[in-house]
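Please consult the sequence and structure shown here alongside the text.

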Amino acid sequence: MSLARPDELRERTRYEPSEVERRVFARWEEAGIFRPAPAASGDEDSVPFSIAIPPPNVTGALHMGHALNGTIQDVLVRLNRMRGRPTKWVFGTDHAGIGTQVQVERALLEEGTSREELGREAFIERVWEWRARYGGTIVEQYKRLGASADYGDERFTMDDDYARAVAHVFVRLFEKGLIYRDNRLVNWDPGTRSALSDLEVEQREVEDTLYSIDYPLASGSGSITIATVRPETMLADTAIAVNPDDERYTRLVGETAVLPLVGRRLKVIADPYVDPQFGTGALKITPGHDPNDFELGRQHRLEEITVIGEDGRMTEAAGPRFAGLDVDEAREAVVAALREEGLISGTEPYVHDVPHSHRSGRRIEPLISLQWFCDMEGLAQPAIAAVGDGRVRFHPDKPWSGVYLEWLKSIRPWCVSRQLWWGHQLPVWYCDECDETFVAEPANAPERCGICGDELRRDPDVLDTWFSSALWPFATLGWPERTPELATFYPTNVLSTARDIIFLWVARMVMMGIEFTGEVPFADVPIHSVIQAPDGRRMSKSLGTGIDPLEEIDRYGADAVRFGLIAMASSQDVRYSADRVAQGRDLANKLWNASRLVLLQAGEALGEGAAAASFPETAGPQAPEDGWILSRLERAQERITHLIDGFESAQAARELYAFVWAEVCDWYLELAKPRLYDEPADRTQVAATALGVLRRVLVFSHPILPFVTEEIWSLFPDAAERGLLAVERWPTADPGRIDEGAEAEIDRVIGAVTALRRYRDEVEAPASARLAGRLEAGGYERTAAQVERLARFDLAVDTAGDGAQANGAGAPSPIASVAVPGGVVHVLPSEALDLEAMARRRAARRRAREDEIARAEGRLANRGFVEKAPARVVEAEREKLARFKEELAGL
């Protein structure tokens, strides 16, 4: 009986991802392996493992960030599932309040209507319809990637159970006095008419004009000059600040200036916040329109005036000359009015970053607005301690734990309300008659005012999306109910993410997790790269730099994309490399072809025993290459496991590639081929070894390359009995199989073959020609024939290395000598080598090297170059000179 289905294997000469992937994924889903079974007590390997996916936007599409992070998580999930641990990858989507609302509103405009015309209730129904139509897109895209998440328990941040958890948290924080309503400065987007989170604000480089404006002193003794890029906001100035150590202004502290165009008296105050080096060193303080001025204004108890409204136009407080103008028009009008009064003393171009709305594209207006806030200081302290004592660990620790801690230590109140309709509506009711406010979970909502009995009005605002997302690790598992899932899989083990949401999401999850469950929500936080476009710009559809991972999957296969993404990734941002993805495709094909060879030849050799074969257990001498590959296999198993566990998936992918491509395919199988194909001989040992190696390689390649490995696994005749590779037991490396002697023996072969092949290339020997030589080296007693075959040499062997065989009468003189491990190979004359042509080529190379040496020596003799060029350039030139001299000596 043949090991595999021979006809099918012989026909399938190339791995075809498009034919395999959907079929294999369907087998995984049908088997229910993504849904974890309860943990069995007392079994160390049954300790649960869980990851909660950073929830993608419900109406989003898979992008490179999702693909990279999804692959990183899936590698960890698959490894731990194969260890036999109950493994849950919590999957779900985020309602993405503002993003989803903007998309639906855009669709309504195309229909000739708007959310205002529909009304809130009808609009919310339209959003749910939108979610039903498009919400499953990204789920199917994750499946295309091979993500083995628990899709059967998919969660959504607007599910009824999740919504109850969100309201419960809001009410408890309110009852503790941590949630309150106040007038504070927020990021206001005039385009969406809502406050925004920091993540929805993007900085754009803008060239503005820096105006120097003279503010007359009330005493009539002169003026104080202020530099600003936003003269329209000066209408809301309530003070002038200078640095207390700035001698230019010390005498003015406590005096009063007159606000141009308005006439308001402005006190000159001293504060170390002011940078004496910026502009004139005197700063206008506008608490109503600048976040730093707002904080400084609260410290000095300054008046807070708002002259820009929520619609982006000037308010009545700006005065009749400017009210109703948009900010750009107002800027021009204010500058014109100041010029008329001769109060602009200078202008200059000024390039700086300006915040804009990621959603509407409009410039963010910092506005004082009546909003709901959460006091974060008390919540932050336990989250700071969690990183300090190691309960939460960032990978790498530097700089990311510092980023996390720095933000928490300087944390400000969090504006949690948003002026939207789609989202978790605030569980807050107002009595307009007696100004009472009631906060309660919707199930316990008051019907009428408990003070005056009048009707109540619910706050129309919704919660910031990040508020509900902060509960994700435990609310997805059924909290606040003590569900079996929560008891088994919380805290989760890992949270994989990019750096941009460390404080917006990671820190908030830690705070909420500790506050409401008493435990950190996860232990390890690996921070992965941001994948940039190949030219180094950010990936963006609008910029034309986006690359669709699904198109790459169609082109190369999911395994190739998975391998390429994690192999190119690190903790730093990286440029997308199609070459890395192609490398993954080539690796899948290499593994496929190697498997065909082993399955066909080993199956034929082992017959009925093939299905049960793993590693040869028979006593007796072992071929050097068999001992070598078994030893190298143990090292690779241990190393790759260690790297994945240590969140170094990029290095794990690269080392997997090197082992499978070079050691298994290029060396072991080439060394073993004669024995595998030698039908008259007993091929049992080599067949069992090759088959056992293939099984192990498939197992520890599976987390990174799940589709091709599962397909190959299914071609074993015992696949039905053993089940899916995705749940095959992950092996533990066996140090007892390490064979230093076999490794040294085959390493010598590899070194010798590599050196001899290099020589053949240098002399341009015909590929089919066999060269003659004499091996004078020790350590090749069992392997000289392998060197001969792989290097295509006919070798006379002098394993003593004393040259005795070269001293016989008529022995030809060598034409070259090639250093090999343990000795040398003397190349002998043969018809395959054109000695005259070789001499000409060698002479030409010598002349080229002599010219290079002369040039390098000339540069290094030039004192101007050595003294003025960067040290690294000079050192590189010295290294180049040394290399050229070494190459010349070799020639």
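The points that follow are grouped by topic.

The structure is a predicted model. A search of the whole structure returns 2 cavities of 30 Å³ or more.

**Largest cavity**

- The volume of the largest cavity is about 80 Å³.
- Two or more lining residues come from each of helix 19 (578-606), helix 21 (649-677) and helix 22 (684-701).
- The lining consists of L591, A594, S595, V598, V664, C665, Y668, L669, A690, V693, L694 and V697.
- In terms of residue class, this lining comprises 11 nonpolar residues and 1 polar residue, with no charged residues.

**Second largest cavity**

- For the second largest cavity, the volume is about 60 Å³.
- Its lining is formed by G97, I98, E200, R418, L420, W422, V462, L463, D464 and T465.
- At least two of the lining residues are supplied by helix 4 (97-110), and at least two by strand 21 (462-463).
- The class composition of this lining is 5 nonpolar, 2 polar and 3 charged.

**Crossing of helix 20 and helix 25**

- On the side of helix 20, the contact is made by P624, E625, G627, W628, S631, R632 and R635.
- On the side of helix 25, the contributing residues are E740, A742, E743, E745, I746, D747 and I750.
- Sorted by class, the residues of this contact are 5 nonpolar, 2 polar and 7 charged.

**Cis peptide bonds**

- W479 and P480 are joined by a cis peptide bond, with omega at about 10°.
- P480 belongs to the loop between helix 14 (472-475) and helix 15 (484-489).
- A cis peptide bond also links Y490 to P491, and omega there is about 0°.
- P491 is located in the loop that runs between helix 15 and strand 22 (497-498).

**Positive phi at non-glycine residues**

- A96 is not a glycine, yet its phi is positive, at about 50°.
- The loop between strand 3 (92-93) and helix 4 contains A96.
- A96 counts as buried because its relative accessibility is 7%, and the cut-off for buried is under 20%.
- F647, also not a glycine, has a positive phi of about 60°.
- F647 is placed in the loop between helix 20 and helix 21.

**A buried loop residue**

- Is T233 buried or exposed? With a relative accessible area of 5%, T233 is buried, since buried means under 20%.
- T233 sits in the loop between strand 8 (223-228) and strand 9 (239-242).
- When neighbours within four places in sequence are set aside, the contacts of T233 are K284, T286, H289 and I308.

Definitions and conventions. Residues are numbered from 1 along each chain as its sequence is written. This is a predicted model: local features need pLDDT of at least 70, side-chain atom pairs count only at pLDDT 80 or more; totals for chains, interfaces and linings use all residues. Side-chain values use heavy atoms; hydrogens and water are left out. On a 1 Å grid over the protein atoms alone, a cavity is a set of points where a 1.4 Å probe fits but cannot get out, and a pocket is an open set with protein on both sides within 12 Å along at least five of seven lines; lining residues have an atom within 4 Å of a point. Grid points are joined across faces, edges and corners, and a volume is the space filled by probe spheres set on the points. Helices (H or I, at least four residues) and strands (E, at least two) are DSSP runs, numbered from the N terminus. Ala, Val, Leu, Ile, Met, Phe, Trp, Tyr, Cys and Pro count as nonpolar, Asp, Glu, Lys and Arg as charged, and the others, Gly among them, as polar. Buried means under 20% relative accessible area, exposed over 50%, partly exposed in between (1.4 Å probe, protein chains only). Contact means heavy atoms within 4.5 Å.
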